[in-house]
Amino acid sequence: MTTTPQSDLGRFYDDFAEDYHLLYPDWDAALARQGAALDALIRDRLGAGPAEVLDCACGIGTQAIGLAALGHRVTGTDLSPVSAARAVAEAAARGLRLPTAAADMRELPFPDGRFDVVVCADNALPHLLMAEDVRAALGEMRRVLRPGGLMLLSTRPYDELRRDRPASTPPQTTESDGRRSVVFQLWQWHADGERYDLELFRLLPDATGQWQVAVRRSSYWALTRAELSAFAAEAGLTGADWVQPADTGFFQPVLIARAP
Ligand SMILES: C[S@@+](CC[C@H](N)C(=O)[O-])C[C@H]1O[C@@H](n2cnc3c(N)ncnc32)[C@H](O)[C@@H]1O
């Protein structure tokens, strides 16, 4: 049985899909940078050949497009059908093929052993708020990996964030199509010290220059690196190891584990 209701979350990201690139000062540069960092992790472990990659929380395609641009055969899935559809369009606009589907990572619509690599990047898994959901998602990632296949999963640096319990993120200002925008988050930590509710503020000026504010709400479970490694081991993934941004060039810590 699953316990994290995901319909609201799908709507959150459907609604956010059109603006999602505003999280980055330059989304195209982020595609290239993130793709290159993940590609290096894949090549180091699986060799030079292009890999069959599933990005099981592809969103609008930040990692999936970056990896496809480097020659990997990438499939994307995401809870948000609007985000998954935008990923296809963004890939096509760059001359790339990126098949996507709407799917919950707890129930992946693929046969066993179909992929060399499963990517789950930028804090997607911590949207699952209960242990049974995390187990289900990691179990599915393991199931669709071929023997020896690679899981790459990135989260915010939650060991540090759980200690410091920040109440907000710094404002991210972006200029896109001549319009400035500001994005930041407010965080409200739960009494358990592990989960928090976030409000994501996006400010955009209207035609008269007045700032228009959109607020979207969601929740996260701030799993520590040790906790996530233990969940990965429980799902049957082996050799769980965290690599840090200073060593990878990827903007978040990445959990690397293998299917047995
Ligand atoms: C912070 S976004 C990152 C998206 C993408 N990886 C990127 O960096 O552009 C988190 C993504 O996780 C997806 N997500 C959350 N829960 C999910 C689930 N249970 N199954 C599949 N996708 C999920 C959301 O729809 C959203 O697109």
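**Notebook: ligand shell, domains and one proline**

I began with the shell around the ligand in this predicted model, and by class I found 9 nonpolar, 8 polar and 4 charged residues in the shell. I then looked up which of the 21 residues around the ligand come nearest, and these are Ala57, Gly59, Thr62, Asp122 and Ala124. Turning to the elements that give two or more residues to this shell, I noted the helices α1 (7-16) and α3 (62-69).

Next I looked at the domains. I wrote down that the protein is divided into domain 1, which takes in 7-157 + 222-258, and domain 2, which covers 160-220. For the distance between them I have 22 Å, taken between the C-alpha centres of domain 1 and domain 2. I also looked up the contacts, where 15 residues of domain 1 meet 16 residues of domain 2. On the side of domain 1 that touches domain 2, I recorded 10 nonpolar, 2 polar and 3 charged residues.

My last entry concerns proline 170, which I located in the loop between α6 (158-164) and β6 (172-176).

Terms used:
Residues numbered from 1 in each chain as written. Predicted model: local features only at pLDDT ≥ 70, side-chain atom pairs only at ≥ 80, totals over all residues. Near = placed C-beta within 6 Å. Helix = DSSP H or I, 4+ residues; strand = E, 2+ residues; numbered from the N terminus. Nonpolar A, V, L, I, M, F, W, Y, C, P; charged D, E, K, R; others polar. Domains from an automatic or database assignment. Contact = placed C-beta atoms within 7 Å.
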